[in-house]
Amino acid sequence: MTHPLPDPSDKPLPLAHPAPVRIGHGYDLHRLEPRTPAGEAKPLIVGGVLLDSPVGLVAHSDGDVLYHATVDALMGALALPDIGQMFPDNAASNKGRNSEEFLTHAAAIVRRAGYTLANLDATVILERPRLSPVKDQVRANLARCLGVDISTVNVKGKSHEKVDAVGEGRAIEAYVVVLLERHMSGSQSSSAQPRK
Ligand SMILES: [Zn+2]
């Protein structure tokens with residue numbers, strides 16, 4: 001069964017099974033290539049932060065793996081279409097797109113479905129540069145886009161111990177887990193179970 005794409009309006013998007021809490025998982029990977037004038041690699045952006053790096057992202061959009069994995073975690077929690085279905089990478093309108101737009105769109109869908117983000121935990125795997133100097137900036141960006149306090153959002157950076165594509169600096173990965181909580185009041189009146 002395919003899921004219909006959510007329309008871009010503000011109207012409530014009730015779920016068939018609005019459980020009190022829903023968990024979501026997202027994953028993304030993008031290739032990294034040396035940045036040369038003739039090459040296709042774009043600046044290395046993670047969680048909306050530009051990193052100083054001799055390699056850059058190969059992607060249709062800006063290639064922000066953390067934002068993309070977060071969108072998939074949020075949409076996955078709601079059993080709604082993933083980022084590739086919502087924003088196809090063969091659509092000209094998504095070329096070079098700032099992934100912040102994907103994220104704010106996903107956050108709006110979460111609200112319309114009657115849920116709030118309880119917490120988010122992310123792991124970014126990148127051989128270099130290290131994420132630690134910008135981690136709080138990344139957390140602040142995620143929190144701002146998702147409309148939550150920074151304490152709701154956790155980001156961890158890891159290397160891949162120099163092995164495989166990620167460890168050899170040829171790719172970057174992100175894993176994100178989210179927990180959504182149903183609003184106590186709001187837009188689920190037609191389908192919500194009575195609270196006992
Ligand atoms: Zn992506």
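Two strands count as paired here if DSSP finds at least two bridges between them. With that in hand, this tour of a predicted model starts at the sheet.

**The sheet.** Select the five strands in the order β4-β1-β7-β5-β6; together they form an open sheet with mixed pairing. Its edges are β4 and β6, each of which pairs on one side only. From one strand to the next, the twist averages 25°. Strands of a sheet pair through backbone hydrogen bonds, either parallel or antiparallel.

**Across the sheet, pair by pair.** Begin with β1 and β4, which are antiparallel and share four bridges. Pick Leu32, and its bridge partner in β4 is Leu57. Next, show β1 (residues 21-34) with β7 (residues 171-182): this pair is antiparallel too, over 11 bridges. Now move on to β5, which runs antiparallel to β7 and is joined to β7 by 10 bridges. Here Asn119 faces Leu179 in β7.

**The helix on the sheet.** Select residues 65-77, helix α1, whose 13 residues reach 18 Å from the first C-alpha to the last, close to the 18 Å expected at 1.5 Å a residue. This helix lies across β1, β5 and β7, and runs at about 155° to β1. Is α1 enclosed by the rest of the structure or exposed? Of its 13 residues, 13 are buried, so α1 is largely enclosed by the rest of the structure. Just after the helix, click on Ala79, which has a positive phi of about 55°.

**The core.** Colour the largest nonpolar core, a set of 49 residues in which Val46, Leu66, Leu74, Ala106 and Val110 have the most contacts. Among the elements that give two or more residues to this core are β2 (45-46), α3 (100-112) and β6 (153-158). Which element gives the most to this core? The answer is α1, with nine residues. Centre the view on Val46 next. Setting aside neighbours within four places in sequence, the contacts of Val46 include Leu51, Val65, Leu66, Val124 and Val138.

**A loop to finish.** Go to Ser132, in the loop between β5 (115-125) and α4 (135-146). Is Ser132 buried or exposed? Ser132 has 10 within 10 Å, so Ser132 is exposed.

Notes. Residues numbered from 1 in each chain as written. Predicted model: local features only at pLDDT ≥ 70, side-chain atom pairs only at ≥ 80, totals over all residues. Expected span 1.5 Å × (residues − 1). Buried ≥ 20, exposed ≤ 12 C-beta atoms within 10 Å, placed from the backbone. Core = buried A, V, L, I, M, F, W, Y, C linked by C-beta atoms within 7 Å. Contact = placed C-beta atoms within 7 Å. Axes fitted to C-alpha atoms, helices over the stretch in contact; angles between N-to-C directions.
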